[in-house]
Amino acid sequence: MQNKKQYIPTMLGLEIQINNDTPVTVAAENFSFVLLDTAMRPDDTGYIYAHGLDYSNSYHWLSTVPHQGDKVKIQIVESPNPSPPVKTEKQDRKEMLARYEQLKKELEEKGLIAKED
């Protein structure tokens with residue numbers, strides 16, 4: 001009997017490590033992203049936010065305030081097992097379409113995109 005290798009699907013994602021904390025692997029079937037916003041003013045703290053989407057869910061892995069001197073390492077990885085999200089929300093397709101139509105109208109009215117006939 002021949003041994004067959006089991007296929008384990010992997011996803012491209014982002015591995016994020018802040019200082020010496022345990023790295024978080026962010027990956028979703030559709031896409032994932034990390035926002036890194038640094039403070040521009042003394043009263044603005046900035047943030048680091050890791051989020052992902054698949055076709056029916058929104059995932060949240062990380063939301064933290066960066067501090068001066070923090071070391072943030074982000075690298076592209078291929079992983080079959082992303083870190084478990086701390087929060088998962090269902091995507092509402094009707095709400096997404098309504099928001100798209102609203103934004104499209106606003107951009108057309110400002111002349112930033114051409115109106116469709």
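Analyst: Questions and answers on this structure follow. This is a predicted model, where local features need pLDDT of at least 70, side-chain atom pairs count only at pLDDT 80 or more, and totals for chains, interfaces and linings use all residues. Residues are numbered from 1 along each chain as its sequence is written, and side-chain values use heavy atoms, with hydrogens and water left out.

User: Which class does the aromatic pair of Y59 and W61 fall in?

Analyst: Rings of Phe, Tyr and Trp (its six-membered ring) pair if their centres lie within 6.5 Å; planes under 30 degrees apart count as stacked, over 60 as edge-to-face and the rest as tilted. Y59 and W61 sit 5.9 Å apart, centre to centre. Their planes make an angle of 40°, so the pair is tilted.

User: Is K104 buried or exposed?

Analyst: K104 forms a salt bridge with E116 (a side-chain nitrogen of Lys or Arg within 4 Å of a carboxyl oxygen of Asp or Glu). Buried means under 20% relative accessible area, exposed over 50%, partly exposed in between (1.4 Å probe, protein chains only). E116 has 59% and is exposed. K104 has 16%, so K104 is buried.
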